[in-house]
Amino acid sequence: MELREYTFQNLFGEHIDQDGNSFEIQEIEIPIIQRDYAQGRTISNVQRIRNRFLDALYNAIINHKRMTLDFVYGEVKHKKFIPLDGQQRLTTLFLLHWYAAKKENIPAEDYDFLKHFTYYTKPSSRDFCEALIAYSPCFETTLSEEINDQAWFQYQWKNDPTINGMLVMLEAIHAKFNEVNDLWDVLVLHPCVSFYFLPISEMGLTDELYIKMNSRGKPLTQFEHFKAEFEALIKEYNEDVAKEINHKFDIEWTDMLFPYRGENQIIDDEFMRYFFFISDILFYQQYPELPLEQDEFVLANKLYGKGCPMQKENIEFLIKSFDCWCELDNIDAFFDTYLTSNKYQSGKVKIYQDNLNIFKQCCDTYREFEGKNRKFPLNMTLLLFAFVIYLQHKEMITEEDFRRRIRIIRNLIWNSRNEIRADGLRKNMPQLLVETRELMLDEHFLDSAGYNKYQKEEEQKKSDWLKTHQESYEALCHLEDYPLLYGCISVIGLADVTHFDRFRILFDSISDKTLIHRALLIYDDYSQSAYTHTRYMGNNNMNSWDELFHPSNQRHGFERTSNALNSLLDTLSDYSDNGLLSLINNYLDIPRNTYDWRYYFIKYSETLCGRDGILWYDDQKPYMWYTLNKTNFRGFYWNSLARALWQRASNTFCIENRDEPVVINKTSKSLVVKNSSFKISEGNQLVQSISVPQDTNGIDIVDRIEFLLEQLKL
């Protein structure tokens, strides 16, 4: 079909022949199902877009440069054009022509066509348009004040959003064009502002059709004006590409996004969020020194304008990034094929959230925040990018390769928390995107500062290991998806495949996880340290184990944790609370001459009673341990051995949460645990000091808890 451009004026009374059909238009009527006129709204985002639209019109008019306002769709019936798409632009052109006619005293017969533009949405809007055409302002005060003061202006019209919007737009038009000479001439006699007109014949304007055609038409969202400006931007690059993109905007991309429309039945916001997603991906890589551009018009110019050295590549990537979803029969089913939420499923990758359609999640929430948190987090940005790369290159990636590679990328994403942080995006995101692309296309691990180096080393080891252990791939995947691991299996390793299932059974079967903590200490000091005097152990808070099982946390002692865990998995036969208690009791029954700190932590479960499994420890004083509820002494804390004392004699001891926690017999006497003794005081006066028998190395040769209770006859 040959496209023809029309001006606002020559659409009226024109005989239009298209596809063998002849049309004559004598009137334009905005139908009742259409929304109100929104370009005059006063909210900041609308004002910004309104100003940009008027700026574009102004530049075209004063420079006599052609400006095409995209397609206007609608039905022609009984010589009346009823627009589906284009209401906002047509209304603005109506107001601009009215302004030019009144400002330049154009004869009434020359602007008679304006009488044939009307609103059927509300009688008040229709009556206002009729009254406005008959009225000629003085231009001595503001237009809105003049019009509001007229006798014909009805008070109830102030409640009509379309009328209010028109008044605001007239003020904006006056501010922009009041010094432009021969405005009418440029609009009508030698017009430079036009649009494509597309009549839709042989189909009724049903409500369903309106909803779909206007699914891009939420009252003055960014998209309506962005689309026109973006088309002009691309047209400077290549007119054929601009037409292609415009067609995709209106047909394929709208159809693809339509199932994900919001409650308002439109897809403007969804389109813009995905546009931002793709553009941000490009911006991260091409402008790594700059913060993300927030203005969509500036962003478009930087990436897709003629000044961008990567203009051609960026435009192609944008088109492919939308097209790739259009090629899928069912996007929901596509994600359901490869992803699972919180339950392990063979052949799928767990992403630990209920919403598997991360494309929809992006369209719904990208660039939106809840407090300081992104609704579409950075890890999902990288995961969705991996899917986009796959869909763009499906012909060169086998199904088996894709399933394995998306799992590798998932593992890297979930174990690179420090690398994927908002404060490090400008430094890390470009390389993270490069590594994601390389892994998806070639399963190539780059030796660069992108994903966490420990996890990359693990993924490389797993890839090499699978070359000779393909039969164990399913068991490996099952282990990776365990909630405590999130893809990182370094703490178990690859040496013994039987440990894969044993690990899962251990943590699934044991109800009291402090039993695992006590059992591990039998084999080694499995604790890890990140700061001076601070140690991390596991307790009933599953997060404490999560912290221990990831070398990406860069704590000292990870190898000790791994060795102790694998030793436990090697020897344990009864994976139950009673099985671990039996192991612990067997250890405690062994005769011994010394009692190190590990003995107390194994025997007395109360020694690890904090929320997070974090303890303060003095290397020079092996019995001075404090259980913290935070990483410092500003939170609650207890002396671990004092806690054990209190538990063993709770009828006679009181415990408080500070450095001197034990009060004897609920009296004024208090007991403080020292490294080699117990100090009993009354007020500030030392009453008694009980030394703990120790060897020459300062290690207890008696169980100090039992020893003190015996000394105090408790």
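Is Asp464 buried, exposed or partly exposed? The legends below answer this among other points, for a model that is predicted.

**Figure 1. Overview of the predicted protein model.** The protein contains 28 helices and 22 strands. Of its 714 residues, 56% count as buried. Contacts between residues at least 6 apart in sequence were examined, and 65% of them join residues at least 24 apart.

**Figure 2. The largest nonpolar core, with 86 residues.** The members that touch the most other members are Phe230, Phe277, Tyr304, Trp325, Phe359 and Phe387. Helix α16, spanning residues 378–392, gives the most to this core, contributing twelve residues. A second core is separate and has 70 residues, among them Tyr482, Phe549, Leu580 and Leu708.

**Figure 3. Surroundings of Phe387 in the largest nonpolar core.** With neighbours within four places in sequence left aside, Phe387 is in contact with the aromatic residues Trp325, Phe334, Phe335, Tyr338 and Phe402. The contacts of Phe387 also include Leu339, Ile358 and Ile406. Of these partners, Trp325 is itself listed with Phe387 among the core residues that touch the most other members.

**Figure 4. The salt bridge between Asp464 and Lys467.** The two side chains meet at 3.6 Å, N to O. Asp464 is partly exposed, since its relative accessible area is 39%, a value between the 20% and 50% limits. Lys467 is exposed because its relative accessible area of 68% is over 50%. Elsewhere, salt bridges that share partners join Arg407, Arg410, Glu458, Glu459, Lys462, Glu480 and Asp481 into one network. A search of the whole structure finds 37 salt bridges.

**Figure 5. The salt bridge between Lys462 and Glu458 in helix α19.** The side chains of Lys462 and Glu458 meet at 2.9 Å, N to O. Both residues lie in helix α19, which covers residues 453–466. They are four residues apart, about one turn of the helix. Lys462 and Glu458 are both buried, and both belong to the network of salt bridges that share partners.

**Figure 6. The salt bridge between Lys115 and Asp112.** Their side chains meet at 3.3 Å, N to O. Side chains of opposite charge can pair when their charged atoms come close. Lys115 has a relative accessible area of 53% and is therefore exposed, the limit being over 50%. Asp112, at 30% relative accessibility, counts as partly exposed.

**Figure 7. Ser527 and its polar contacts.** Ser527 is found in the loop between helix α22 (514–523) and strand β13 (528–529). Its relative accessible area is 0%, so Ser527 is buried. The side chain of Ser527 is joined to that of Asp525 by a polar contact of 2.6 Å. A polar contact of 2.8 Å joins the side chains of Ser527 and Arg535. When residues up to four places away in sequence are not counted, Ser527 touches Arg535, Tyr536, Met537, His556, Gly557 and Arg560.

Conventions. Residues numbered from 1 in each chain as written. Predicted model: local features only at pLDDT ≥ 70, side-chain atom pairs only at ≥ 80, totals over all residues. Heavy atoms only, no water. Core = buried A, V, L, I, M, F, W, Y, C linked by side-chain atoms within 4.5 Å. Buried < 20%, exposed > 50% of the residue type's maximum accessible area, 1.4 Å probe, protein only. Helix = DSSP H or I, 4+ residues; strand = E, 2+ residues; numbered from the N terminus. Contact = heavy atoms within 4.5 Å. Salt bridge = Lys/Arg side-chain N within 4 Å of Asp/Glu carboxyl O. Polar contact = N/O pair within 3.5 Å; in protein donor to acceptor, adjacent residues only side chain to side chain.
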